[in-house]
Every structure is written in C-alpha cells, then in structure tokens.
There are 2 protein chains.
Amino acid sequence: MSQISTKPPSGMRDFLAADVARRRHVVAVVQEVYESFGFVPLETPTIENLSTLLGKYGPEGDQLLYRLLHRREKLQRALGGGEVVEGDLADEGLRYDLTVPLSRVVANYRDLPAFYKRYQIQPVWRADRPGRGRFREFYQCDVDITGTASLLAEAEVCGAVATVLCRLGFEDFKILVNHRQLLRGLVAKVTDVEHEGRVLTSLDKLDKVGGEAVIAEMVAGGVSPAAAAEVLAIIEGLKRADGGVPEADFAPEAFAALRELFAMASGGPAGPHLSFDPTLARGLSYYTGPIFEIAVPGLAGSCGGGGRYDELIGMFLGRKVPAVGFSLGLERILLVMEERKMFPELAAGPEVLLCRFPDVPATEAVRVASLLRAAHRRVEVYPEADKLGKQLGYATTVGARFAAILGKAELDAGTLTVKHLGLGEQRVVPISEAASAIASWG
Amino acid sequence: MSQISTKPPSGMRDFLAADVARRRHVVAVVQEVYESFGFVPLETPTIENLSTLLGKYGPEGDQLLYRLLHRREKLQRALGGGEVVEGDLADEGLRYDLTVPLSRVVANYRDLPAFYKRYQIQPVWRADRPGRGRFREFYQCDVDITGTASLLAEAEVCGAVATVLCRLGFEDFKILVNHRQLLRGLVAKVTDVEHEGRVLTSLDKLDKVGGEAVIAEMVAGGVSPAAAAEVLAIIEGLKRADGGVPEADFAPEAFAALRELFAMASGGPAGPHLSFDPTLARGLSYYTGPIFEIAVPGLAGSCGGGGRYDELIGMFLGRKVPAVGFSLGLERILLVMEERKMFPELAAGPEVLLCRFPDVPATEAVRVASLLRAAHRRVEVYPEADKLGKQLGYATTVGARFAAILGKAELDAGTLTVKHLGLGEQRVVPISEAASAIASWG
C-alpha cells in the first residue's frame, strides 16, 4: 500500500454519482428560474490576477485568498534576491467570490447592455477553517443587476431567489430586509457615526445573545451606556412591526425605500416572504442600500444574502455603477434539503444491465445496446463472460432496474429476455420492441 | 481610469452569455450520451495534494502544475529558515487532468462497483504557453471503465465518443487505433527495444514530415540505417490495409486484440469510424494496450484520445487495476463547430421585455412578469421609467423577440399590448392569455 493519502485535501470534497445528481437537481432549478427572470449566464476563470482580488475583501479576506506560486524563471528570480516576502512569490490567485469578477467583466466589455442582468453559478475558494457545511471550495449562485438605481431591481433579485426556494420545496423561509442607511441614521441619531461599525456588529448578534449582552458589547466598544440603551430601545420598537416596515423619526429616505420595495414586491413571489429586520447588518462593508438575508428555520447561518452596492461595480471603471445582487449558497441549500429529505427520486446510473450467455459474441451485445440507447435507454453492458447469476447480482449493485439477457437461441429468433429486477418477473420480447417494453414497464 | 488590467489572466477566458450557451449545448450532449452508455458522473476538487499530482505527468508535466502558495504560519516558517526552495512553499496544486483524480477516487472509495464506469466533465489547469485553441484553463470530458481487461470496454468508450461526435453533427471523423504492444513488437523485431521511445516519436511525425525525414531522425537517435529503413517499410506495408487490421509476423497478440476490437465495434456506433493507424503513438507513457485518437479533417491536433492503461489506476491501491478511457477536449470541439457553423440556434436571454408607461406602478409590472414566468416565459422587466421608445430600443439590445407593454387604460381592462419586434406587429390581449399568445406567435 502506498503511504500517500487518497482523501481529498482538507475542506475539499469528491462528489460521487448520487452527490452529483442532487447538486445538479438544485443547480438546474436555480438556472431555469434565473433565466425566467431574464438573467443571462456568465462564467469567469478560476484564476484571477491578484491585482484584481487584493484589497476588496478586507484584511481578513486577503488572508483567505489562495495564491498561485510563481513558476520557473519567475520563481528563481524571486528566491534568488535576498529576503523573500509573500508578495514576491505570486501574482495570481483563485476566485474568492463572484462579485469582484463581475466588476472586472463590466469594466472589460463595454458593449454589455445598460442594465446587465447576469447570473453566475460557479465555485469559489477560501482558505478558511473547514466546519459543518463550511468548505474551502464551495458554489455560489449569484444574480446581479447593474446599471440601475431603481428599486425594481431589488424586487427582481428577491423575486428570483424566492422563486428558486419555492420551486425547491421550501415554504417557511423569510427574506429578512434592512437598509444600510437606516442603520447609519439610527447611529447618527443616538451617538457618533464613528460607532457605526461597532453598533452593527453588536446588533447582528441580538437574537443569539440577547439585549443585555448587546448593550454590554456596545459599551465595551466605547458607546455611552445611555446611547447603547437607546439604540436597543429603538430597535425593539421597530421590531414590534412584526416584519412590516414601521414609521420612525430618522432615516426617512431609507424607510421610504423599504416601504416602496415591499409594495412593489407584493405583486410577485417575494412578497409573502419579505420581513423587515432592523438588526440585520450583513458583514460586507460594500453595501449601500437595502440588504437581504434568507432565514430558514433550524438552519444556523443563512442560505444566502445580498443587497445594493453602488460603489463596487464601477471600481475598475473609475465611475459609479449602481448595482444590486443576491447570492445563494449551494452547500447550505443542499444541507437543509438533505436533512429534510426534500429531494425527489433522481435518476442516476444505468436503467438496464445488458447480460449475455458466454456463447453470445460480444459484438451482439454492442449491437443490441446501440439499439436500446438510440431509443433513449441508459444501458450498461456487462463486460466479462461471467456466469449469469453473477451478472444479475451486479445489475443490483449498479442500481439497474432491468436486466436484458442475450441467449444464443433467443438471439437467433430476434428476441431477448427482459427481467424486471424489482418485481422478479421476466418477459421474452422482440429486440426491436425491447426499448419500449422497458420504458412502459413500471 | 484605474491602471489595473480588466482582462482575464493570460490563457484564461471569460464566457459571456453566447459562449456559455454554446459550451452548454456541447456539454449537454456529451453528458446525455455518456449516461446512455451507463457511465455515472464524478466531480473531484479543483485542488489536490501535490503528493497526489507530482511524478505522474513526467518532468515536463510537473513543471506545468499550478502550485498553491502556503499561507500564514506555514509560509512564515518556510521563509524564515535560510535558503528557500520551491518544495518548501506549497503542498497543494490544481488538477492537471481527470485521470489521476480518478485513480485517487478508486483507491479511496472501496465500495465502488467492480466495473466503475465514470464520466467527468471538468476544467483542468496547465501553466503552458497559450496559443490558438490552447488555454491554461480548459475542459476535459472523460469516460473511463476500470476493473476489466475485456476489449468490450474499449468498444464501449469508442462507441460513446463516436455517438457524441455524431450527435453534435460531425460525420467525417475517424477514430485512429493502434496498439502499444504492436509498436513495441515492431521495434523488437527490427532492432533493440531500447530504441522504442525514439522510434515512436519519429513515426508519430510521418504524415507531417515524410518517410525520409523519419528515417533520418531515427538514425540520428542511434537506430541503424538498415533498421530504420525496415521499420518504415513495415509501417508502409501495414498502412496499405487502408484502415483495416492487416496480417503481420510480429506482435501476434496485439494484432489479434485489434482484430477482435474492430469486430466487436462493428455492431455499434464506433464501427464505421475506426481506422487502424500503425503510426499513432500517443505521447503518454502510461498506455499499455490499444490506443485511440480522433482525427477531424482540417483540424491540426486532435479533439481527443485515449487508450488502455492497466498500470495507472491501481497506483494508490498498490495493486493492478485494468482500465481504459477516452477523453474529449471541449475547446477543440467548440473550435471546429464554430469554424464550421455547426451550432443550432441556441435560446439565450429574455424572450420578452416588459415595458410600462410611467403612470403604471412598478408593482403591476412585477405582478404581470410573475404570471408570464409561471407560464415558462423568460421575461426581463425594464427597470426605469423611461420613454417607451427607449424601452423598445432596449428590447432589441437584449435580443428579446417580444415587448409586452403595460398602459394604464389597458391594465384597467385587464389587457396588455404584445409587440412582435421582428414582424413589427402588435396585439392587445388579456393578461391571462399573454403567455400563450407569445408562445404560439412564431
């Protein structure tokens, strides 16, 4: 035995046939729904220049980037010149998300539509500590609309993800909604805006740790006790609206925008799921307007989130491009669907194992398999001249529902034996009718 | 303007909507055909341990591997201890092909079927010099059958790729076939087997450079002029069989195997395309039996190749596992299909742009779009309150065939205007019938 590990690297996974079937089921729904909303696909390379990636995800994100080591002369040069630092060793890295590549694409292809509605379903890589449902290679399913400040764009991305979740069989999800300017207005009303970051991070934990702990954390971060208590009181007041958008005496534009968004979305699939949550903060600093997060009962963390980010897309262009987006996390969705057994029966593997008695030439098996495949049956041919019992046992191993058996006498008569492995019944049918016999035999 | 390049890195590509549609068209055919042959999907991670990858592709291949730079403490340790060499800086790299990951998977999952028939359609990465149709990130579409020495496995993988190419519209391709032991037997008959590598490399160029140059190259490599001439004479003799498998007085098992394979395949889709080519060598040293390569007129290089490799799959298991595989190169297939205009019309982007007069509330657009989408139409909603002419112009930009226009009066009457942009005609229809009106209007 070799000493080399045959497991995938830490945080990485192999997907065998049943895994691939489940992943494809979800991806197919996401893709079909996103396209029904008029989004068009984009795929960008796994590898991006570090000049594109660095400085976009904060210092912690930069630490999680996978960098590609220089090769040959470039590496020799880097190693040959005295002290070596990280920056000398790499100028390319792996895609960390799908939003920065989108920004690069919007800057690079000037003939994109004015309102570029793209979706992208691809893996991203982060050298994070692996954990339950957290991997170093994972898939994001993003929709974004660039080029418009209209709230209809928010309504559309929320409608798209709501439709995806409904089509997958989720019924009890909420799309939590808040507005970045609402939180900023709240902080400005009560204390100094310099405390915005601290207040947001603390409020984000309210559901988990409770009001007192949140106040304590704000105070520890330099907010006065009176201001911290007032923030909490206002938040508690806003929460009494029970998911609707309440009245308030601050951040009037943010509240007006949320009210308009809720009204707009009420005609569509997101309507019943939108729920105002004044504590929602979303970590990423690049959001500028409404922010969203999906909440599914029983799932710690979220299946996805998004929001308006009017400053990011234009960064490579040198001018402002308004944008709004929503990202679904494929792994989180799969996790919940597996726990709740939400998958339909997914066809995978051969339907028919073609067996033959040893006196039947292999070319006959090739010929009959071709006929069945041309009639849209999925057929595996047993490759060796084993005893029939062993061949039939193998049919069960690969999950085939039928065995088709070629014998010399039947073959001379133009027939074969079809055996339904679940029912244990068998029929002799003309070869030309075997495909339809299989298709119609439950 | 930012100074940062917005192009993808060298050898990498962005795929906009039309590119993705063409790629998906091919991949869908490959996938469906491979599944009809009873192959099941496998996906492996982008990142593999270098201990898995190194030493499998020869010294030149190892040079082309992308390695991932260590991070944080591990990098600091590597840089802090005197002279730094490449091996200190990385222990993970990017997938270079799909065969080595398959070997790892076969070793890692012991409950796979005895004859594991897997297909895998994923990108691989090689830090090669980019060129026409040659990229640093490109897709391979592999089928492999492990666990059997039966020639039926060869017939099946050839049948699968032949069916793919026929279904895509190729008619004039050949599957060139040779046998690694035939070449070895030829060398042994004429000269010393130590010359095998040199003879193979030289013969591989016969079509390009002609017989005299091939002889000269063999002689320059140490083969005696008499032996070199004899090799060429035998090859020319074998080629007179014009693609069939001739008789010969050496390598009897190899010739018998090829004859059996041709007979077996004659009943299936590969039959008319198989063509014996005694000069076919295939670069990879790991082949042990029949070898294949697809030849398409007018394409320098190949759309794919494969063969039997009985030593490789078991390398992580410590025992021999026979295997045969065939790999199609997605990029090469796309290149030929684009040049020959072999793509059908591929639906992409919205069918309908939903426009509205400024006095119609956006929530009505959301509502009507939802109805059309529920009836399987792909609908984009124009997000802003621009003049109708501008909205209709935009419909053409995004390639929509229809504009659906919401006006206040029609809306009150429960109707909307559907405009066929190609015909320039328009109809007022009840909103509830709009989807079917669009679907049935050529």
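User: Which residues of H11(B) and H12(B) meet?

Analyst: From H11(B), B:Gly211, B:Val214, B:Ile215, B:Met218 and B:Val219 meet B:Pro225, B:Ala228, B:Ala229, B:Val231 and B:Leu232 of H12(B). Being in contact is defined by C-beta atoms, placed from the backbone, that lie within 7 Å. By class, nine residues of this contact are nonpolar, one is polar and none is charged. Here Ala, Val, Leu, Ile, Met, Phe, Trp, Tyr, Cys and Pro count as nonpolar, Asp, Glu, Lys and Arg as charged, and the others, Gly among them, as polar.

User: Before we go on, where do the model and its numbering come from?

Analyst: This is a predicted model, in which local features need pLDDT of at least 70 and side-chain atom pairs count only at pLDDT 80 or more, while totals for chains, interfaces and linings use all residues. Residues are numbered from 1 along each chain as its sequence is written, and chains are lettered from A in the order in which they are written.

User: What makes H11(B) oblique to H12(B)?

Analyst: Helix H11 (residues 211–220) of chain B and helix H12 (residues 225–239) of chain B pack at about 140°, with axes 9 Å apart. Angles under 35 degrees count as roughly parallel, over 145 as roughly antiparallel, 65 to 115 as roughly perpendicular and the rest as oblique. So H11(B) is oblique to H12(B). Helices here are DSSP runs (H or I, at least four residues) and strands likewise (E, at least two), numbered from the N terminus.

User: Why is A:Leu165 called buried?

Analyst: A residue is buried if 20 or more other C-beta atoms lie within 10 Å of its own, exposed if 12 or fewer, and partly exposed in between. A:Leu165 has 26 other C-beta atoms within 10 Å, so A:Leu165 is buried. A:Leu165 lies in helix H7 of chain A and, leaving aside neighbours within four places in sequence, is in contact with A:Phe170 and A:Phe173.

User: And why does B:Arg72 count as exposed?

Analyst: B:Arg72 has 11 C-beta neighbours inside 10 Å, so B:Arg72 counts as exposed. B:Arg72 is found in helix H4 (residues 72–80) of chain B, and has a positive phi of about 45° although it is not a glycine. In chain A, A:Arg72 is exposed with 11 other C-beta atoms within 10 Å, and A:Arg72 also has a positive phi of about 45°.

User: How do you know that helix H6 of chain A is mostly covered?

Analyst: Nine of the 10 residues of helix H6 (residues 99–108) of chain A are buried. Among them are A:Thr99, A:Val100 and A:Arg104. The buried residues of H6(A) pack against elements of chain A including strand S5 (116–125) and strand S6 (137–146).

User: What is the largest nonpolar core?

Analyst: A nonpolar core is a set of buried Ala, Val, Leu, Ile, Met, Phe, Trp, Tyr and Cys residues joined through C-beta atoms within 7 Å. The largest has 113 residues, and A:Cys158, A:Val161 and B:Leu354 have the most contacts inside it. Its largest share, 11 residues, comes from helix H7 (residues 151–168) of chain A. A second, separate core of 112 residues includes A:Val352 and B:Ala265.

User: How many residues does each chain give to the contact between chain B and chain A?

Analyst: The contact takes 93 residues from chain B and 93 residues from chain A. On the side of chain B that touches chain A, 49 residues are nonpolar, 23 polar and 21 charged.

Definitions and conventions
Axes fitted to C-alpha atoms, helices over the stretch in contact; angles between N-to-C directions. Contact = placed C-beta atoms within 7 Å.
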